[in-house]
Amino acid sequence: MTTSPSERGVSLGMPELPAPAYPDDVRARLEADAREIIARYPDSRSALLPLLHLVQSQEGHVTRTGMQFCADMLGLTTAEVTAVATFYTMYRRRPSGDYQVGVCTNTLCAVMGGDAIFEELQEHLGVGNGETTDDGKVTLEHIECNAACDFAPVVMVNWEFFDNQTPASARRLVDDLRAGRPVTPTRGAPLCTFKETARILAGFPDERPGAVEEGGSAGPPSLVGLRLARGEAAPARVVHPRDGGPHDEPQDTVHEPSPTEHLSSHDAPQKTSASDPAHPAGPVAEEGE
């Protein structure tokens, strides 16, 4: 007895149907926004990246409909648009949560506890990398360097910083997001949904009252090199050995930070995931192993 290719689950390579169009009212609104974006560039195809953010702000991810829209507006082929949309990880290709929770697992964050945080959140949320919780609130992913190594380990939510995290603090963070409780980034603009973030990245102003003024700037640890380059004296700070051993520097040279200082996890001893015994980052091999 023979079976047909479809019965065997074999694809015959039939071409995919054209992407469905946006509803007329949605397309009219997006076209007006797209024309505003395109007008910023001398070459219209340079507007592709912000246009992809624009369509992502509509549905929360870049759909085939969104890519067709970008192609139509810029006179490109869908293949050209797809090549860009699939290259950059900031464009989501499938439905995702209101909050994109990214755990940095690059070298320094991993050493300081990023791997432990990511494992904790996977178990706590019951999702894997790139997956979304059943309530549609949180999408979890491990990401590469956030350029915030002096605050490692770092978690980002919709590209806003949450510095010096531990497995416990990261777990509280995602619980608050899912419960709808207010969450404030360590620095930067106030948190908004992923769709709202995508529209801002498309180049439209953040119209929330006070959002721009609260954007903040780099923390003190990030500015130490700049201050030294300007000839300013670095504040004296002695970090005692974690093993409690002898210290060569006099005790009166210790710099006690003010309450307003935003310290890095490297200004140990602080309870980061690596320095807090309650949250070890993982097994540590003995010397020579």
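Analyst: Let us start with Thr139, which, leaving aside its neighbours within four places in sequence, is in contact (heavy atoms within 4.5 Å) with Ser96, Gly97, Tyr99, Gln100, Val101, Gly130, Glu131 and Thr132. This is a predicted model, where local features need pLDDT of at least 70 and side-chain atom pairs count only at pLDDT 80 or more, while totals for chains, interfaces and linings use all residues. Residues are numbered from 1 along each chain as its sequence is written, and side-chain values use heavy atoms, with hydrogens and water left out.

User: Why is Thr139 called buried?

Analyst: Buried means under 20% relative accessible area, exposed means over 50%, and partly exposed lies in between, with a 1.4 Å probe and protein chains only. Thr139 has a relative accessible area of 4%, and therefore counts as buried.

User: What makes the pair of Thr139 and Thr132 a polar contact?

Analyst: A polar contact is a pair of N or O atoms within 3.5 Å, where, within protein, one must be able to donate a hydrogen and the other to accept it, and residues adjacent in sequence count only if both atoms are side-chain atoms. The side chains of Thr139 and Thr132 make such a contact at 2.6 Å.

User: Where does helix α5 bend, and by how much?

Analyst: Helix α5, which covers residues 107-125, bends by about 70° at Gly113; the bend is the angle between axes fitted to the seven residues ending there and the seven starting there. Helices (H or I, at least four residues) and strands (E, at least two) are DSSP runs, numbered from the N terminus. Among the buried residues of α5 are Gly113 and Phe118, and what covers the buried residues of this helix includes β1, β3, β4 and α6. Just after α5, Gly126 takes a positive phi of about 70°.

User: Which strand gives the most to the lining of the largest pocket?

Analyst: Strand β3 (residues 138-143) gives the most, with four residues. Thr139 has its place in this strand.
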